[in-house]
Amino acid sequence: MANDINRLIDILYERIEDAKAPALKPNMSMVDRDELLDLLDELRAQLPAEIKRAQELLAAREKFVEEAKRDVDRMMRQAELDAKAKVSESEILYAAKEKARQIVGRAEDRSRQLYQVANEYAEDALARTEEAVQAALDEVKQSRVRFRTASAAAMQEQRDKLDGKNSPDGPAGDM
């Protein structure tokens, strides 16, 4: 999915970089507006899938944590049953409780690690997606400004030509 988003961003960059410059405006570029808007629509359509993927990862992490807690509870109950069966042997009881504490500690540490990894992944994926979308949006905004500027200049040239033909000093007044 991330590859599709990167591919779309690469296509947007290529279209903008390959855009032809008008003859009188070498620092301007003309792009196929509909094509770029279609690419942005496709990009926008794929973003919810990336977010859903991050949410699924978080849900899987929560499920793992719950399973780990259940396993710990089960191990604790088993350790307690074992310890009660050997109440007269205090050293065994102490060892079982200590082992249960260690298991709980390891499970809690593992749970914290998984939670942190899942959060970092989700944050990273969302940040990259946000950066990619922002970069694409910035490029589209810049292209739009350049298009408007080029369009306004072309319209002004047309007006100037028409004004020159209709003025008394122009070609229509020479007749």
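A residue counts as buried when its relative accessible area is under 20%, as exposed when that area is over 50%, and as partly exposed in between, using a 1.4 Å probe and protein chains only. By that scale Val-133 is partly exposed, with a relative accessible area of 27%.

Before going further, a word on the model. It is predicted, so local features need pLDDT of at least 70 and side-chain atom pairs count only at pLDDT 80 or more, while totals for chains, interfaces and linings use all residues. Residues are numbered from 1 along each chain as its sequence is written, and side-chain values use heavy atoms, with hydrogens and water left out.

## The overall picture

The chain holds three helices and zero strands; here helices (H or I, at least four residues) and strands (E, at least two) are DSSP runs, numbered from the N terminus. Read from the N terminus, the order of elements is α-α-α. The radius of gyration is 33 Å, well over the 16 Å that the globule rule gives for 175 residues, so the chain is more spread out than a compact globule. That radius is taken over C-alpha atoms, and the globule rule is 2.2 Å times the number of residues to the power 0.38. Along the principal axes, the C-alpha atoms fill a box of roughly 125 × 20 × 20 Å.

Of the 175 residues in the chain, 23% are buried. The accessible surface comes to about 12900 Å², and carbon and sulfur atoms account for 53% of it; such areas come from the Shrake-Rupley method with a 1.4 Å probe, and for residues only the protein chains shown count as cover.

Contact means heavy atoms within 4.5 Å. Among contacts between residues at least 6 apart in sequence, 71% join residues at least 24 apart.

## The nonpolar core

In soluble globular proteins, nonpolar side chains tend to be buried together. A nonpolar core is a set of buried Ala, Val, Leu, Ile, Met, Phe, Trp, Tyr and Cys residues joined through side-chain atoms within 4.5 Å. The largest one here has 14 residues, and Leu-12, Leu-39, Leu-40 and Leu-43 touch the most other members. Helix H1 (2-17), helix H2 (33-85) and helix H3 (90-166) each supply at least two residues of this core. H1 gives the largest share, six residues.

Setting aside residues up to four places away in sequence, Leu-12 touches Leu-36, Leu-39, Leu-40 and Ala-136.

## A walk along helix H3

Val-133, which opened this report, is found in helix H3. Ala-118, Thr-129 and Ala-132 are in helix H3 too. The table shows how much of three of these residues can be reached.

| Residue | Relative accessible area | Class |
|---|---|---|
| Ala-118 | 6% | buried |
| Thr-129 | 12% | buried |
| Ala-132 | 12% | buried |

What does Val-133 touch, not counting residues up to four places away in sequence? Its partners are Leu-43 and Leu-47. Val-133 and Leu-40 are 93 residues apart in sequence, with their C-alpha atoms 8.7 Å apart in space.

Leaving aside neighbours within four places in sequence, Thr-129 is in contact with Leu-47 and Glu-50. On the same terms, Ala-118 is in contact with Leu-57, Leu-58 and Arg-61.

Two more pairs show how sequence and space relate. Ala-132 and Leu-8 are 124 residues apart in sequence and 9.8 Å apart in space, C-alpha to C-alpha. Ala-118 and Arg-159, in turn, are 41 residues apart in sequence and 61 Å apart in space, C-alpha to C-alpha.
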